[in-house]
Amino acid sequence: MAAAEETSSLFPIFILTIMALPLVPYTISKLCRAASKKAKIVHCQCSVCSSSGKYQKSMHKKVSNFSTCSNLTLVLLWVIMGILVYYIKHISQEVQPFEPFSVLGLESGASDSEIKKAYRRLSIQYHPDKNPDPEANKYFVEFVSKAYQALTDPISRENFEKYGHPDGRQGFQMGIALPQFLLSNDGSSGGILLLGIVGVCILLPMMVGVIYLSRSSKLSGNNVMNETLSTYYYSIKPSLAPSKVMDVFIKAAEYMEIPIRTSDEEPLQKLFMVVRSELNLDLRNIKQEQAKFWKQHPSIVKSELLILAQLTRETVDLPSTLQEDFKRVLEVAPRLLEELMKMAIIPRTQQGHGWLRPAIGVIELSQSIIQAVPLSARKASGGSAEGIAPFLQLPHFSEAIVKNLARKKVRTFQELRDMNLEELTELLTQTAGFSAMEAQDVEVVLEIVPTITVEIICETEGEVGIQEGDTITLQAWVTLKRKNGLTVALPHAPYFPFHKEENFWLLLADTVSNNVWMSQKVSFIDEATAITAASQAIQEAKERSGATVEEISTAVREATEKVKNGSRLVMANFLAPAEGNYNLMSYCLCDSWIGCDKKTNLKVKVSKRSRAGTRGGVILDDGPALGDVIEEEEEDEEEHDDYESEYSENNEDGNDTKNNGAKANGKVYGKGIELNSEGSASDEN
């Protein structure tokens, strides 16, 4: 039992080790992620964003951001570890090796007379006949007498000098790091020990597994409920108009869990009257339409009205209870929109294609929610295919100011962005009537508006042309530039109460058939991951082409520099369709900014599958021999349609295209053009 008492002191060390193994690396990784994110993200510096309070570093906000369940649990575990370290240190001070000279208060090598003198002195102080204290008696027997014997008895002293203990060589002891009460002789200790083993080894893993399975059965990897994904998948249709995307979006299971209160009926009725124009109700049967709207599920009605309140910026007069629901609706909106986008472009057809029309509608809805701009503002007007929506995302702008700018021949958002600083300041102060501070806010926002360029290379590796069933490799460099020189920045979104990072979607689609051939999400946040992915992709592509080690090293180095300069590499493969000519369009769409998207027109000629060695170029009636390759074109903005949107007017397609593609061995090089209000729109589907 003495050995058990000694080994039981190891139990705190055992617990400390078990806690430290996962806790230390997890804490380090969490701190590194927080430091990396803090260093990279830069938010808008305009006065509107500053006054919104979203980026204010108040003590209350810091505490609220820190007081998450995971952070508090982490702090609690570190507190427990600190207590264990203090306890172990205290025990180590109590457990000292037996030193007879130290017990008697002598220096090593003292004479026999000095030993006897010290023993008599301590006997007067601790002997039971002189001191009735039980602790003194215990100390005298276990330490003083034992030390005197070790130094006066020849055998004991020899053992101490040889082995460090008066009793001679001590055997090697092994113990179990368990608390002492579990090692007692009574019968209850065995039951407690058994229950502990069962609890730690069986019940605890089972509980963790049940909780994990229960959570994973409800949520996807993006913390969106699986019920929501199922609803989105079956609700999206290929011909879904952008204005109808809202009807699918608000069916999320997360919104169905929003509480319904009788006290919310009156403010929701008032809100309905304010945002009624955005509901696309039939004015000829307005009463029936309103009755139909209110017959929907109360959660759907409430969610849609709160989202429309965001689009129309009518949130100031909402009561406190609705303000909480409003923030809850917007907090999950980016995740839901991302999953809705995935459901739109998920392979649906036999060829593995998604749908273009609903995908564009999801992006438009995302842009409008983040920028708090009504969907109706996207309707083409005044020579702008995107309407006044891009202007309304700027601070201090209104519909009246946009009309004033149109009188000065500034009708598109791109024209405003292309102006130099002097012209812009004069326009804003004199024509728009802005103060110097307000004009500076607009200039600050225009400096962080991203400019996207897309360079695409399409090829069939090892082949000269394209035949049915060939694997086409798409390599696209998406480059982001801003006037202020930053690559990573949060968008200007003062009316969206949460941090929102910019994301881009690169789509390759056939606008005629409404099919999305290829899609990929592009992010500019994590540069290190982008460098690794780009280097690996370029290296593998060069190795397949038979390049030398020096050529591979050069290509990887160039790719790394491109990523550091604000570019991201997109690599994708897709199968060539059936024989025919295809007019494809590459879209690079931003989910946070309006009027910053890019498109690139691609012509694909696919030949019929033939025997090996018989693949040759085919001459089109209206152009030169294409050699069965992909031809990329950069279209003039005034000649080609904007991407299809219900909020743009229909115009005839441009008939002329300008071919800037440089063809060589089945490869085509080119750059995309910006989707701005100078382009005309189409609605063929």
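The protein has 685 residues, and 44% of them count as buried. Its secondary structure comes to 25 helices and 14 strands.

**Helices α14 and α15**

- Helix α14 (residues 265–275) packs with helix α15 (residues 286–294) at an angle of about 135°, and their axes are 13 Å apart.
- That angle makes α14 oblique to α15.
- The crossing of these two helices, α14 and α15, is right-handed.
- Leu 268, Gln 269 and Phe 272 are the α14 residues that meet α15, where Gln 290, Phe 293 and Trp 294 take part.

**Helices α17 and α18**

- Helix α18 spans residues 356–371, and α17 packs with it at an angle of about 165°, the axes being 9 Å apart.
- An angle over 145 degrees counts as roughly antiparallel, and α17 and α18 are therefore roughly antiparallel to each other.
- Here α17 passes α18 in a left-handed crossing.
- From α17, the contact is made by Leu 330, Leu 337, Leu 340, Met 341, Ala 344 and Ile 345.
- From α18, the contact involves Pro 358, Ala 359, Val 362, Ile 363, Leu 365, Ser 366 and Ile 369.

- Helix α11 runs over residues 226–235, and its buried residues are Thr 228, Leu 229, Tyr 232 and Ser 235.
- These four residues lie on the same side of α11, because they cover an arc of only 140° around the axis.
- Glu 227 and Tyr 234 are exposed, and they sit on the face of α11 turned away from its buried side.
- The cover over the buried residues of α11 includes α12 (245–249), α13 (253–256) and α17 (320–345).

**Loop residues with a positive phi**

- Arg 313 is not a glycine, yet it has a positive phi of about 60°.
- You can find Arg 313 in the loop between α16 (298–312) and α17.
- The relative accessible area of Arg 313 is 27%, so this residue is partly exposed.
- Lys 409 is also not a glycine, and its phi is positive at about 65°.
- The loop that holds Lys 409 lies between α20 (399–407) and α21 (413–418).
- Lys 409 counts as exposed, with 57% relative accessibility.

- Glu 461 belongs to the loop between β2 (451–459) and β3 (471–481).
- With 35% relative accessibility, Glu 461 counts as partly exposed.
- Beyond its neighbours within four places in sequence, Glu 461 is in contact with Thr 473 and Arg 544.
- Glu 461 and Arg 544 are 83 residues apart along the chain, while their C-alpha atoms are separated by 8.5 Å.
- Across the protein, among contacts with a separation of 6 or more, 71% are between residues 24 or more positions apart.

- The protein has a mean pLDDT of 78, and 77% of its residues reach 70 or more.
- Residues 1–7 have a pLDDT under 50, and the model gives them 11 contacts beyond four places in sequence.
- The stretch 646–685 also has a pLDDT below 50, with 145 contacts in the model beyond near neighbours in sequence.
- Where pLDDT is low, the predicted coordinates should not be read in detail.

Notes: Residues are numbered from 1 along each chain as its sequence is written. This is a predicted model: local features need pLDDT of at least 70, side-chain atom pairs count only at pLDDT 80 or more; totals for chains, interfaces and linings use all residues. Side-chain values use heavy atoms; hydrogens and water are left out. pLDDT is the predictor's confidence in each residue, from 0 to 100. Contact means heavy atoms within 4.5 Å. Buried means under 20% relative accessible area, exposed over 50%, partly exposed in between (1.4 Å probe, protein chains only). The arc is that of the directions from the helix axis to the C-beta atoms. Axes are lines fitted to C-alpha atoms, for helices over the stretch in contact, and angles run from 0 to 180 degrees between N-to-C directions. Angles under 35 degrees count as roughly parallel, over 145 as roughly antiparallel, 65 to 115 as roughly perpendicular and the rest as oblique. A crossing is left-handed if the near helix is turned anticlockwise from the far one by less than a right angle, and right-handed if clockwise.
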